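Hi everyone, thanks for making time today. Let me put the structure up on the screen, and then we can walk through it together.

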Amino acid sequence: MAVNLVNVENVSKVYGTRALLDGISLGVSEGDRIGVVGRNGDGKTTLIRMLAKLEDADSGRVTHSGGLRMGVLTQHDSLDPAATVRHEVIRDLADHEWAGNAKIRDVLTGLFGGLDLPGFPQGLDTVIGPLSGGERRRIALAKLLIDEQDLIVLDEPTNHLDVEGISWLARHLRERRSALVCVTHDRWFLDQVCTRMWDVQRGDVHEYEGGYSDYVFARAERERIAATEETKRQNLVRKELAWLRRGAPARTSKPRFRIEAANELIADVPPPRDSSELMKFASSRLGRTVFDLEDVTVQAGPKVLLKHITWHLGPGDRIGLVGVNGAGKTSLLRALADAARTEGETQPVAGRIAVGKTVKLAYLSQEVGELDPGLRVLEAVQQVRERVDLGKGREMTAGQLCETFGFNKDKQWTPVGDLSGGERRRLQILRLLMDEPNVLFLDEPTNDLDIETLTQLEDLLDGWPGSMIVISHDRFFVERTTDRVFALLGDAALRMLPRGIDEYIERRQRMEEAAAASAPAVAQKAAPEKSAADQRAAKKELQKIERQLDKAAEKEAKLHAQIADHATDFEKVAGLDAQLRELASEREELEMRWLELAEDA
C-alpha cells in the first residue's frame with residue numbers, strides 16, 4: 001500500500017476579498033505524479049506553496065509524513081549570486097567523484113548540453129550573479145534533481161528549456177521513484193509525465209485520473225452530461241478533444257478513457273481548420289508571393305547562423321520552426337521582418353529576400369512591448385481599432401476579443417500597469433491580431449499563458465486566414481497550430497521534417513550519438529595503444545591516488561575543525577589556513593592525475 005506523504009485538510013486561502021482556495025482537501029502518496037492546471041491567478045502556485053509549507057493557510061492544515069525529503073522548484077530561485085555553478089550544483093564533490101556518478105552526468109548533459117556546460121563562460125566555475133533568469137532557473141533545477149527526494153514539487157519547470165531539454169526532463173522524471181506535483185502549461189509534458197490531474201477553478205480543486213488527454217476527455221464528458229442545450233456542447237474542450245483524438249497519435253500510450261465514448265463525443269465536431277478554405281482566402285489577401293528567400297546567409301554579429309538558404313513561404317502556409325538555442329530561429333524571423341518593414345530594401349549579408357507587395361506583418365517578439373501603464377485594457381486595444389475582421393464573415397468588437405482572451409468586463413477597465421506578465425502577454429497578442437495582419441510571426445507566444453488561454457488562442461488561430469511562422473518550445477502548441485515543421489539543427493541549414501518534432505528529437509539524438517562516438521575515435525588515433533601492462537600499472541596507481549585523496553579529505557576535515565576551535569587566535573588560524581590551501585593544491589593535482597589515469601585504465 002502506498003505511503004501517504006502529504007495531507008491537505010480543509011485548507012482555505014483568501015487574498016483581499018477573493019477566496020483563492022476554499023476548504024480544499026487533497027493528498028499526495030508515494031508514486032503519485034500529479035499535474036496542476038488552471039487559469040493564471042486561480043491559485044495553482046499558492047496551492048503548491050502551501051503543500052510545500054512555503055506559505056501558511058488561513059485555515060485548515062497541511063501535514064507531512066515524518067522524515068519527508070522534499071525538493072521544491074519555485075518561480076524565484078534562492079541561489080547565492082556570489083557562488084559558482086559548481087558550488088551550488090555539485091557542492092564540494094571532487095571531480096573524480098561527480099564525474100563517476102551517472103546521475104550527475106545525466107542531469108548536467110540533459111539540462112546544459114554537456115558536462116563542460118557549453119554556453120556558460122567559465123563552465124562549472126561560472127559565477128551565478130551575472131547570469132540570466134533562464135540560466136539561473138536551469139541551475140536551480142539541476143541542483144534539485146541531483147539530490148534524492150521522496151517528493152518533488154515543480155512550478156513551471158519547462159520555462160526556459162528548449163524542446164530537447166523538455167523531452168529529457170520528461171524522461172528523467174518518468175524514471176525517478178520520487179512522487180511529483182507539477183504546475184505547468186506544457187500539455188505535451190503533462191501527458192508524458194503525469195498520471196493524475198488537479199484542476200484549480202474558482203476556489204475549488206477537481207481531481208482527474210490520467211494525463212492531460214484523459215483530463216480533457218473527462219472534463220468534456222462532465223460538461224456534456226451537465227449541459228441542457230446544444231450550445232453548451234459546442235465548446236472549446238470538445239474541439240480540443242477532437243484534436244487529441246484525430247491529431248498526432250499516441251498522446252498517451254495507454255489512454256484510460258474508453259475510445260468508443262470519446263469518438264461518440266466528437267462525432268459531430270469538424271476538423272480544427274478548413275485548410276483549403278483558409279488557403280483560398282489567404283491567397284486572395286496575399287497574392288502569390290509572401291516571402292521568397294534565395295541563397296540567403298544570416299549573421300548575428302560576426303557569427304554565421306544560416307548559409308545558402310533557399311526557401312518559399314507561401315499564402316496560407318503555417319510553419320513551426322524548431323531548433324537548438326543559438327541556431328538562428330529568431331535571427332531568421334528578424335531578417336524577414338526587416339525586409340518586410342523596408343519593403344525589400346533591407347537585405348541579409350548575402351542572397352536576397354523578396355517580399356510580397358500586399359504583406360502586412362505582425363511580429364510577436366519574446367519581449368513584451370511597453371504600453372502606457374495608465375491606459376485601460378480596452379483602451380489599449382481600441383487604440384489599434386474598434387472592430388476586427390477574422391475572415392469567413394466573422395467579425396469581433398474590441399470588447400468581444402478582450403472577452404475571448406480572458407479579459408472580462410471588469411478586467412477590461414484595469415490599468416495596463418496593474419496587469420501580470422501573463423496578462424500583458426495576452427494583451428500584446430490581442431493588439432497584434434486587432435490590426436488585421438495577413439502574416440504572423442510568433443516567437444515563443446506561449447510564455448506566461450495558462451492552458452485555458454492557450455486553448456482560446458489556438459481556437460482563434462484555427463480560423464485566421466494568412467501565413468504564419470511559430471517558434472515555440474511548446475510541442476503541443478506547434479503541432480496544434482501549424483501544418484509543417486522546419487528545423488535548424490545547428491549546421492547552418494534549414495530542413496523540413498515530414499514527421500515533425502518527433503523526427504527533430506530523433507535527428508538530434510543521432511547527432512549527439514555520432515559526436516560522442518567520434519570523440520573517443522579521435523582520441524584513440526592521437527594516442528598510442530596502451531598495453532595490458534600499462535593498463536595494470538594505471539589501475540594500481542589509480543588505487544594509490546584514491547587512498548591519498550581519502551587521507552587528504554581526512555586532513556582537510558581536521559584542519560577545518562582546528563580552525564573552528566581557534567577562531568579567536570588569528571595567528572593560529574592564518575597558519576592553519578595556509579596548510580589548508582596547500583592541501584587543496586595537492587588534492588587538485590591528485591584529481592587531475594586521477595582523471596588522466598582513468599583514460600589509460
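In what order do the six strands of the open sheet come? Before I answer, a word on the source: this is a predicted model, where local features need pLDDT of at least 70, side-chain atom pairs count only at pLDDT 80 or more, and totals for chains, interfaces and linings use all residues. Residues are numbered from 1 along each chain as its sequence is written, and side-chain values use heavy atoms, with hydrogens and water left out.

So, the order is β14-β17-β18-β12-β19-β20, with mixed pairing. Strands here are DSSP runs of E with at least two residues, helices are runs of H or I with at least four, and both are numbered from the N terminus. Two strands pair if DSSP finds at least two bridges between them. At the edges sit β14 (361-364) and β20 (494-497), each pairing on one side only. From one strand to the next, the twist averages 20°; axes are lines fitted to C-alpha atoms, for helices over the stretch in contact, and angles run from 0 to 180 degrees between N-to-C directions.

Let's stay with β14. Its pairing with β17 (residues 439-443) is parallel, over four bridges, and Ala-362 stands opposite Leu-440 in β17. Helix α13 (residues 329-341) packs on this sheet, and its direction makes about 150° with that of β14. Helix α16 (residues 421-434) packs there too, touching β14 and β17, at about 175° to the direction of β14. Contact, by the way, means heavy atoms within 4.5 Å.

Now for another sheet. Three strands form an open sheet in the order β2-β1-β4, with antiparallel pairing. Its edge strands are β2 (18-29) and β4 (59-64). Strand β1 (residues 4-15) pairs with β4 over five bridges, and Asn-7 has Thr-63 in β4 as its bridge partner.

Last, a helix pair. Helix α4 (residues 102-112) and helix α5 (residues 133-146) pack at about 160°, with axes 10 Å apart. They are therefore roughly antiparallel to each other, a label for angles over 145 degrees; under 35 counts as roughly parallel, 65 to 115 as roughly perpendicular and the rest as oblique. Which residues of α4 meet α5? They are Lys-103, Ile-104, Val-107, Leu-111 and Phe-112, and among their partners in α5 are Arg-138 and Leu-141.
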